[in-house]
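Dear colleague,

I am passing on the structure below, and would be glad if you could read my notes beside it.

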Amino acid sequence: MCVNKCGIQCHVVDGVLQKIDGDPRNPKSAGGICAKGQAGIMALYDPDRVKHPMIRSGARGEGKWRRASWEEANAYVADNLAKIIKKYGPEGLLWSSSTDLTEQFFVKLGKYIGTPNFVRHATLCLASRNVGYFGTMGGVPDSDIRNSKYILMFGANRLESFELPYNIELITAIERGAKLVVVDPRQTVTAAKGEWLPIRPRTDMALTLALMHVLIEEDLYDKTFVADATTGLAALREHVKLYTPQWAEKETDIPAGKIVTMARELAAAAPSVVIFPGRRSSWYTNDTQFRRTLPMLMALLGAFDAPGASFFNRGKVQLGEFDWELEPFDIAERVDGFDEERFPLAHHGDGGYVHLRDTLLAGRGKYPVKGWMIYKQNPVAAVADGNATVELMKTMDFICVIDIQPSQTAWMADVILPETTYLERLDPIWSPSGSVQYVGIRQPVVKPQFESRTVLEIIQGLAPLLDKKHQFETPLADAFDFTMEQFVDAQLAPLPIDREQLSKDGIWIAPPENTILGEYRSGKKTFKTPSGKIEFVSERFRRNGYDALPTYESPKVEPEKQRLVTGRFAWFTHSANQNNRWLNALLPENTVWINPELAKRKGIKDGDYVNVSSSAGRVKIKAYVTPRIRPDTVYITHGFGTNSAGQTTLFGKGGADQILMASKADAITNNQALHETLVEITRIADS
Amino acid sequence: MSKYTGDSKVTRRAFLKNLGQASVAVAGAVVSGEAVGAAVERKPRYGMLIDTRKCVGCHACSIACRSENNVPEGKHRSWVEYLEQGTYPDASIHFLPRLCNQCSIPRCTSVCPTDATYERGDGIVVIDPELCIGCKYCIVACPYDVRFFNPHTGVVDKCDFCADRLAEGMEPACVATCFNRARIFGDLKDANSQISQLIAEHSVAVLMPEKETEPNVFYIGIEYANEQDAAAPEHYVRVTRHRGPAETR
């Protein structure tokens with residue numbers, strides 16, 4: 001149901017799943033599971049599931065389908081892919097998917113076929129955070145929230161957007177008396193459980209710079225840590241000189257006195273301070289530079305490599321490597337120029353979603369791309385400017401979607417192939433990064449429902465047909481000539497547990513090993529940056545044409561418009577389960593959050609339908625008048641306003657935030673920027 | 001054993017300071033010594049303690065209950081109410097998990113014409129589906145609105161602390177699934193149980209004490225999250241019950 005992969009135990013009677021319980025042995029979820037985990041049954045037995053292969057019989061997006069056998073569907077997909085490969089080469093295929101255990105098979109199929117045009121999850125989510133942190137301190141640190149005295153979160157909403165174990169540790173820490181400060185234009189549940197600082201949106205960097213200003217000017221920074229583990233203090237001191245609390249107050253709407261107090265309290269609590277990195281960082285066009293200021297602030301406080309601070313955890317259990325025998329061969333360059341030259345610091349293999357789409361739509365692609373294979377991803381909902389994504393789909397000769405439900409993207413496809421859910425299949429072994437190292441196995445608890453197949457089985461069905469039509473460097477049938485059991489065995493080879501035992505136990509926990517703190521402080525370990533230290537000044541950024549020190553720019557403001565922000569409730573993940581009947585009942589229709597003052601000005605009452613419009617689009621949505629948001633900001637929960645009539649529970653209710661979001665992205669990583677759109681709200685007269 | 005025992009006093013003080021409130025039991029009655037007295041019988045008296053400070057309104061309990069007890073769509077054995085208060089920027093939201101209070105003086109049992117609903121001796125008020133005729137008197141009699149008529153079974157239903165799970169040595173589904181351990185279940189008669197110790201250490205309250213039903217579901221922190229606080233309905237910007245438009249009664 002989500003990326004956390006909490007440990008679960010399933011109660012099955014006569015082949016029917018009755019109940020999902022948390023597995024108390026799981027080191028991260030510790031027996032708990034959330035509403036989504038509890039509602040997994042309804043994903044499995046969802047009457048709206050894609051039950052058999054479906055081939056489009058009407059116009060694209062019209063919603064007319066005919067049932068096809070796997071034999072017919074496989075031939076249909078193979079024919080169409082082969083046609084495109086013959087006419088345009090393998091690079092004529094766009095290959096997109098999102099993170100999960102089985103994504104690697106789908107990605108490998110694309111690699112064997114030879115397309116360079118992959119686009120994955122990162123630039124819809126956390127690419128800017130990763131590049132910001134890696135560029136500053138060589139990695140994204142773990143957070144010892146459990147033992148922290150002061151936890152500072154920018155926008156991160158761990159109590160509604162769960163990320164194990166932070167969501168659990170946060171409650172423990174608050175109970176212990178730790179201070180939680182949440183900087184967010186909206187009062188999330190996380191903000192409500194701590195101190196809410198309703199910052200003016202897109203000014204977060206002004207606050208971090210001003211905090212650094214106070215720490216340096218008042219001589220409150222950790223001199224030993226800064227001397228031993230960082231470089232560039234002199235330049236930073238000069239850089240933040242003008243970023244005074246008084247200046248920041250005008251930008252952020254947070255009183256200067258409050259900023260000074262915050263800096264002093266942070267210094268007093270240091271090093272047991274967590275400056276939380278956050279996860280989804282798809283906010284602003286300067287997001288990478290903003291994220292850089294977080295480890296910089298952390299470093300000034302010396303809030304690293306100490307109890308209650310940030311630290312580098314032990315990482316994952318080292319699993320065995322499956323031998324793919326994929327020899328390198330010549331492939332074309334990317335169609336969109338998402339490369340070293342254009343985006344020198346980005347992770348190119350994952351692609352840049354906004355850049356890719358807009359380049360192709362503008363006709364600036366280096367060659368034609370006419371086929372789109374999509375697995376476990378819903379770009380129509382996930383990418384800002386949803387209408388533009390639909391436009392891109394219209395330019396394709398062929399679109400195939402593999403999914404468990406008729407998502408918005410699937411609805412626009414030519415063929416939908418039904419996949420098994422996580423409860424119906426054996427998956428590759430998973431090992432999460434964390435303080436306690438363990439591996440988990442996901443095994444089938446019930447037989448695949450309807451005619452669904454695993455993605456590996458789907459690939460194995462297509463491979464021989466594709467081989468007949470095209471000579472690939474490695475025959476695809478040979479490349480995928482293995483079972484999931486063999487794959488799992490290869491992964492488990494280095495571990496002292498085999499598949500049989502792990503299947504019985506469900507989990508294997510590595511022998512405990514104390515996390516050793518202090519090795520970065522003592523210089524025994526160095527940071528994976530060019531200097532081996534935390535870099536206030538990044539020569540790498542400068543060399544590539546970016547600011548070496550994060551420089552603030554004021555946001556664009558139009559007084560009569562509001563900035564749109566998005567997020568989630570605790571029982572929804574992305575656009576994945578709004579159609580789950582149990583979860584949908586908790587919020588059948590999303591709303592736009594409006595501050596009472598703004599509502600009054602606009603003559604809007606709670607529950608009125610309003611039009612929200614932007615440069616990108618317009619949606620009709622219900623107003624939710626609440627004091628838990630700034631007057632210059634509005635909020636829409638993501639995942640509603642589906643165009644897919646196949647999602648019968650969800651269809652026809654709520655409005656889609658992505659329709660409103662302008663096509664914007666972070667300058668350095670092309671991480672989409674979802675909080676860069678100003679909208680106008682008008683009451684619908686007769687509502 | 002309680003992982004909160006060690007420093008709960010400190011936490012309580014810090015919590016009060018944050019809240020800026022002097023009184024801790026405005027809405028509820030402080031539990032009497034009797035309820036937590038030493039066990040004299042071998043039968044337990046089951047109860048639940050809900051720490052609303054730890055509740056994040058995630059509805060894991062609501063869905064766990066639905067799944068465990070086959071609660072029909074639109075009906076609820078267990079749910080979480082959201083209470084929004086204040087004006088910008090001094091706004092807040094609090095959560096009130098709700099379920100049958102398993103009252104020691106239940107109003108529902110005395111009105112039942114067939115004795116289908118009764119307290120079974122361990123504190124749990126149950127319904128015998130064989131005896132229930134679906135007359136719904138109990139639904140009307142319950143001051144907490146926790147009972148519903150199940151159209152699939154033709155009888156009245158409500159929370160029974162997951163009696164089937166208890167019989168198998170498991171905790172109620174809502175308790176087991178809660179990430180934050182906001183719900184503590186146990187034997188109120190056993191002075192060493194976690195629930196008894198927490199009740200002894202904290203100021204706890206019950207919903208609608210004026211009804212004198214002596215609930216066995218206790219709360220920490222409902223002084224600011226009690227929708228039954230009839231004295232000040234304007235106190236709330238909004239109460240979202242999460243029971244949908246068509247599902248009550």
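Which residue just after α3(A) takes a positive phi? That is Gly89(A), with a phi of about 85 degrees.

This is a predicted model, in which local features need pLDDT of at least 70 and side-chain atom pairs count only at pLDDT 80 or more, while totals for chains, interfaces and linings use all residues. Residues are numbered from 1 along each chain as its sequence is written, and chains are lettered from A and ligands numbered from 1 in the order in which they are written.

Helix α3 (residues 70-88) of chain A has 19 residues and spans 26 Å from first C-alpha to last, close to the 27 Å expected (1.5 Å times one less than the number of residues). Helices are DSSP runs of H or I of at least four residues, and strands are runs of E of at least two, numbered from the N terminus.

As for the chains, 34 residues of chain A are in contact (C-beta atoms, placed from the backbone, within 7 Å) with 34 residues of chain B. α6(A) gives the most to the chain A side, with 5 residues.

Best regards

Technical notes
Two residues are in contact if their C-beta atoms, placed from the backbone, lie within 7 Å.
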